[in-house]
Amino acid sequence: MAGKSRAEAILIAQNRILQRLVEGAALNSALEQINAFVEGFLPHSVCSIMTVSPDGQSLALKAGARLPKPVQDLVAHFPIGEGMGVCGTAAYRRATVIARDTTTDPLLESVRDIIVGAGMRSLWSVPVFGRKRSASEPSRLLATFAVYRSQPHVPDEAERDIVAVAAQLVGMAIERHLDAEALGASESRYRALLDHARVVIWESLPTSFDYSYVSPFAEELLGFAPEDWLAPGFWSRQVHPDDLELARATSLREGREGRGYRLQYRMLARDGRVVWVDDKVTVVVENGQVVAHRGVLADISDVKQSQLAVAESELRLNVLSDLTRSVAYAGQVKPDGTLTIDWATPHFGSIGGFSRDELNVLGWKVLVHQGDQKRAQENLERAQAGETVRGHTRYVTKDGRIKHVLHYIAPLNPGVPGSQVIGAVVDVTEWKETEVALGESQERFREIAEAVNEVFWMVSVPDGALLYMSPAYERVWGRSLDRARSGDDGWDAGIHPDDRAAVLTSYHRFLAQPEVERFDVEYRVVRPDGEIRRIADCGTPVRNTDGKVYRVTGIARDVTEQRLLESKLMRSQKLEVIGRMAGGIAHDFNNWLTVIVGTCDLLRNGLAVNDARRQAVEQIEAAGQHAGALTRQLLAVSSRQMLTPHPLDLNEVVRRLEPMLRRLLGEDLVITTLLEANLRTIFADASQIEQVLINLAVNARDAMPARGRLLIETANTVLTGAGDGGTGALPAGGYVRLTVTDTGCGIPDEIRAHLFEPFFTTKAPGRGSGLGLATVLGIVRQSGGDVFVETRVGQGSSFRLMFPASDVACDTPPSPSIPPVSHHDGTLVLLVEDESAVRTVVRGILERRGYRVLEALDGPSAEIIAEAHRDSIQLVVTDVVMPGMCGRELADSLRATIPGVPILFTSGHTDEALLNHGIAQATEEFLQKPFTPQLLLAKVNSLLTR
């Protein structure tokens, strides 16, 4: 496979794998596809992927379907360490390990019989790393990628590059899988919290009081399934009639104002119970309109019952009114520190499972966790001394479960020391678990924020103080996160000076205008190492329950590569548009230019040398040829022109063109050539390469208006990777370099960015079309190469043209002159051309040389004429692209009718159109329009006399 085709195939295969990863392909499937990708480009190879265990001590086979069964069993689980085979050693060293011959390599001593017995004679393994978490930490080792071969082998550079691409893809697949697992676990925990919350979380429409969502606890609260709650009118039916009017009026009033509110009312359960609820409601406002109410509905029936119980006892009411609803008690502290409980709420045993009498027998410490007993004893003594104490305690229930409680204890008569105390216990186990889950969620957010390249930020309003900045800031900005957080080196410190004022103005305007819903700006940052990155930054306001903005959160994304790709895409699309335009107009232009040039030749031959009209005809002919050259330039820019490539010696091209270049540049400019001996050949069109040299010389002349020096060099060279600084990427391999260097004014950066754009020129109007360098790039790329530019303002420019080297010997250089044309009196030619004007001119040219001509305007009529004159027709001249039947189809038909008849194809179309009609390249039987009468006659003469 040719280098360019191979590179394109690798890129296509890589993009397919990336697409599968984006679409969420299973990890094993994605890894097997990566193995197949490498095996497809490395014949006689078998690949395997082994992932690192969570403890980092071993490897496990994850993908390697084509490995022999004994090898699969061997590497199913394999230790990591020095000398542990090739893969185990590569993982330990965190570096590539190659066993050229498995029969002798010492790393395979313990597994040689299995590896060699399976026919594996060489093996190399590459470690696979995840993305770097921070500048100070090494990249995480994820897996190893191994290649087995049946013969001793050392991988070359191209094979290493393919495996390096595969290793990157493996790392991306594994990290995507790990990220998905972590995200799924986080979502499951959030769902579990929602499903087990001991409150009803709900959402309703703003005016109808109909629920659109309720959490699972709704069924436990009232005995109605969640779908029953969603039925129209449910809330109005289940609110106690005595509370409905007040609850409805409060909801409407506060909802209209967009304010949150809180209500306590009674609801009717399915079994007839009356349930007191506490309803805390948030009003959701979007674009100034109330779109929903969201709330948390808690069962406060126990609180109401406690209030009624306290009402029966004035003493207990005064003391317990400030305590929690869950469990209340009163008792006496004995001299030995034990507590005897005299009174307790009926549901006393709901927290620990022990009744009041059991605790009085067993002692209260049986309920308290061993680690909290000392503190609990101290709290009891402080309460006995007259102090009110509260704190967090762990209880061990009767069935052995751990519960978290808030424990309140106080003297029965506050401020008076004594042995009588009262207390209350609130079960906060679920709250504690929620707090732990929240901490885990925050930790996961931290892990995600540290892993991604987007910079998350948060600032307070209105002071704009930085509340949070994610670690990606250091990777993108290249600056200290601690200094940014402290304000010593704010996030705006790295903004490009040309962008700073606009960015800060937009940012402060956003903070000062709460009604603005989005901060969205793109700017450049300059890293301390001088690298410039482009940032897309957007922020959104965060509002409290009153709708007031109190902070802003945002994400800053590094879009440097994205913008570069967009720029390349725009340039590519521009070239495609020009190419399609050129291809569209080339056919008609070339047909009419053929008519113009041919007619001028006929007119000139009929006029005397001193005839004034002859000069006018020659000017018309010259204008037509110039228009043809411009059309070819447009086609060259878009790489659509027909080429006649052959093995070519660049040294010979330079030597042949050097005298003309000296005349072109003039005596003030010195031309020097340094041509490497034994220069390798290239495969290119000689006339197009001459055009490239002329274009570069003309540009150099314009860059050196007074005096200067032009240096033309040739050299053999080898590329080992992607070209650096060029307009594209070249595959590794041998190349021939043609360098044209001038000592002119150089090219500023703002112009260099547009250097190869079609129609871009810095020359005065009328002095240039802007196609010179665009044509150079088009021709070189169509020849399989690329162009690299080095320039400094005031010191000149150097254009390096890289052509793939060829080992085919050079052809004899084509003669620059047209061979002599003889008369062929009476020779019968069949002319097939759908354009009548072209047909008339070509017929006139041929008849003037003594040919007899039969005309046909399309393929079917040509077949009829050929059948009638099958014994007389000696040559066919046909257009390629015609309506109905194309020239290739006609040629196949005519050769069946007139075996061996020579056929000359002509066309004004581009190479793309010709390929679609069966003409693979510019051969001896093809003539590109516009052509001169001399060139047409030479082609005809060549076909008739060979």
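## Helix 26

In helix 26, the buried residues are Val838, Arg839, Val841, Val842, Ile845 and Leu846; buried means under 20% relative accessible area, exposed over 50%, and partly exposed in between, with a 1.4 Å probe and protein chains only. Because these residues cover an arc of only 170 degrees around the axis, they sit on the same side of helix 26. The arc is taken from the directions from the helix axis to the C-beta atoms.

Helix 26 spans residues 836-848, which is 13 residues, and reaches 18 Å from its first C-alpha to its last, close to the 18 Å expected at 1.5 Å a residue. That expected span is 1.5 Å times one less than the number of residues. Glycine 850 follows helix 26 and has a positive phi, near 95 degrees.

## Model and confidence

This is a predicted model, in which local features need a pLDDT of at least 70 and side-chain atom pairs count only at pLDDT 80 or more, while totals for chains, interfaces and linings use all residues. Residues are numbered from 1 along each chain as its sequence is written, and side-chain values use heavy atoms, with hydrogens and water left out.

The average pLDDT of the chain is 78, and 78% of the residues score at least 70; pLDDT is the predictor's confidence in each residue, from 0 to 100. Residues 636-640 have a pLDDT below 50, and this stretch has 23 contacts in the model beyond near neighbours in sequence. A contact means heavy atoms within 4.5 Å. Over residues 813-819 pLDDT also stays under 50, and here the model has six contacts beyond four places in sequence. Where pLDDT is low, the predicted coordinates should not be read in detail.

## The chain as a whole

The chain holds 30 helices and 33 strands. These are DSSP runs numbered from the N terminus, with helices (H or I) of at least four residues and strands (E) of at least two. Of the 946 residues in the chain, 43% are buried. Among contacts between residues at least 6 apart in sequence, 58% join residues at least 24 apart.

The accessible surface of the chain is about 47,700 Å², and carbon and sulfur atoms account for 53% of this surface. Accessible areas come from the Shrake-Rupley method with a 1.4 Å probe; for residues, only the protein chains shown count as cover.

Gly859, Ala862, Ile865 and Ala866 are the buried residues of helix 27. Seen down the axis, they fall within an arc of 120 degrees and so line one face of helix 27. The face turned away from this buried side carries the exposed residues Ile864 and Ala868. The cover over the buried residues of helix 27 includes strand 29, strand 30 (852-856), strand 31 and helix 28.

In helix 28 (residues 887-897), Gly887, Leu890, Ala891, Leu894 and Thr897 are buried. These residues also lie within an arc of 120 degrees seen down the axis, so they line one face of helix 28. Their cover includes strand 29 (828-832), helix 27 (859-868), strand 31 (873-879) and strand 32 (903-907).

Isoleucine 174 lies in helix 6 (residues 157-196) and counts as buried because its relative accessibility is 6%. Leaving out residues up to four places away in sequence, isoleucine 174 touches Leu27, Thr51, Leu142 and Ala143. Isoleucine 174 and leucine 142 are 32 residues apart in sequence, with 7.4 Å between their C-alpha atoms.

Threonine 393 is in strand 14 (residues 389-396). With a relative accessible area of 5%, threonine 393 is buried. Residues up to four places away in sequence aside, threonine 393 touches Val368, Asp372, Arg375, Lys403, His404, Val405 and His407. The C-alpha atoms of threonine 393 and alanine 376 are 7.6 Å apart, and the two residues are separated by 17 residues along the chain.

Arginine 94 is a residue other than glycine with a positive phi, near 55 degrees. Arginine 94 is in the loop between helix 4 (85-93) and strand 4 (97-99), and counts as partly exposed at 34% relative accessibility.

Asparagine 287 is not a glycine either, and has a positive phi of about 55 degrees. The loop that holds asparagine 287 runs between strand 10 (274-286) and strand 11 (289-299). Asparagine 287 counts as exposed, at 75% relative accessibility.

## Cysteines

The disulfide count is zero, where a disulfide is a pair of cysteine sulfur atoms within 2.5 Å. Cysteine 87 counts as buried at 6% relative accessibility, whereas cysteine 538 is partly exposed, with a relative accessible area of 22%.
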